[in-house]
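Thank you all for making the time this morning.

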Amino acid sequence: MAATPIECPGNTEAPGGSSQLSNYSDVGVEDRPVKLLVLDVEGTLFRTEVRLPGTSLDSTIWQGIAHALGPEAVREEVETHRHWEKGGYGSYLEWMKDTISIHIRHGLSYDLFHHLISSAQYNPGVVETLSQIDRTAYELLLISGGFRELAVRAQRDLKIPHAFAACEYLFGNNGSLEAYNLLPCDFEGKIDFIQLMLREYGLSSKDWVFVGDGSNDVPIARNAPISVGYRAHPDLKKVVMYAIDDFYELVDILKLSCDAQDG
Ligand SMILES: [Mg+2]
């Protein structure tokens, strides 16, 4: 597909021409973007390869870890989903802590975890589409209920300056999981991080576009002025403004969003 930069009217004379990726670290108040492009990570940027039986939440890594740790870990992970559906957890943080205890119990190692991170595949068209976005028009922000380590891969590959991810693993010298960092960054929690970044960039509550795939993205999609469901879970499909199966379709949606802004 031809690489036509996605530009907002009035933002076509950015220094650096079409090589916008090199400018991402220079954003100042005067250069602030017109909008934030907020992207979910697992299932949206990266493929979901493992869907454990009887679960409805797509995840690239959480379920991939259970699958790699064996049948007993899978059984315990599926049990956490049952417990979630019955309202047994007070928060996403509680669910993560319970799930992490499964990983520790079944001996998740640094090597296995990083093998899963490094072998995750981008969805078709993701890298090509995001590489051509004019960063003076859209600043990219990743919001993930999954792992920071996976978000970091996309940050390196696509020069994305901001990412909030719910879980980060800290391994000891012997390769075992020693500690972790958790953020309340899923379901309603995602919205708080977006509001923080809108405020930081001096943007309004109308100045963002969201792209996600899962049922956990329903609250954020309901709040987004423009919401896009990529190969979306049926619950998400019901609430998004645009449902797409081809990531390239995002190009036209972002152009339309720019036109609306200009008009
Ligand atoms: Mg997702």
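Two remarks on the source before that. What you see is a predicted model, in which local features need pLDDT of at least 70 and side-chain atom pairs count only at pLDDT 80 or more, while totals for chains, interfaces and linings use all residues. The numbering starts from 1 along each chain as its sequence is written.

Let us turn to the sheet, which is open and is formed by seven strands in the order β4-β3-β2-β1-β5-β6-β7, with mixed pairing. At its edges are β4 and β7 (242–244), each of which pairs on one side only, and from one strand to the next the twist averages 20°. When I say strand, I mean a DSSP run of E with at least two residues, and a helix is a run of H or I with at least four, both numbered from the N terminus; two strands pair if DSSP finds at least two bridges between them.

Lys35 has Tyr138 as its bridge partner in β2, and Val38 has Leu141. Strand β5, residues 208–212, also pairs with β1 in the parallel sense, over four bridges, and there Leu37 is partnered by Val209.

How many of the residues of β1 are buried? Five of the five are, so the strand is largely enclosed by the rest of the structure, where buried means that 20 or more other C-beta atoms, placed from the backbone, lie within 10 Å of the residue's own, exposed means 12 or fewer, and partly exposed is in between. Lys35, Leu37 and Leu39 lie on one side of β1, with Leu36 and Val38 on the other, and both faces are covered.

That brings us to the largest nonpolar core, which has 67 residues, with Val38, Val41, Leu142, Ala165, Val209 and Phe210 having the most contacts inside it. Such a core is a set of buried Ala, Val, Leu, Ile, Met, Phe, Trp, Tyr and Cys residues joined through C-beta atoms within 7 Å. Phe210 touches several residues, among them Val38, Ile220 and Val228, if we leave out residues up to four places away in sequence; contact here means C-beta atoms, placed from the backbone, within 7 Å.

Next comes helix α1, residues 62–69, whose axis comes within 5 Å of that of α2, residues 71–85, the two crossing at roughly 145°. Gln63, Ala66, His67 and Leu69 of α1 make this contact with Ala73, Val74 and Glu77 of α2. Six of the eight residues of α1 are buried, so this helix, too, is largely enclosed by the rest of the structure. After α1 comes Gly70, with a positive phi near 110°.

Phe187 sits in the loop between β4 (177–182) and α7 (189–201), and Arg231 in the loop between β6 (226–230) and α9 (234–237). Phe187 counts as partly exposed because it has 16 C-beta neighbours inside 10 Å, and Arg231 is partly exposed with 18.

Terms used. Axes are lines fitted to C-alpha atoms, for helices over the stretch in contact, and angles run from 0 to 180 degrees between N-to-C directions. Two residues are in contact if their C-beta atoms, placed from the backbone, lie within 7 Å.
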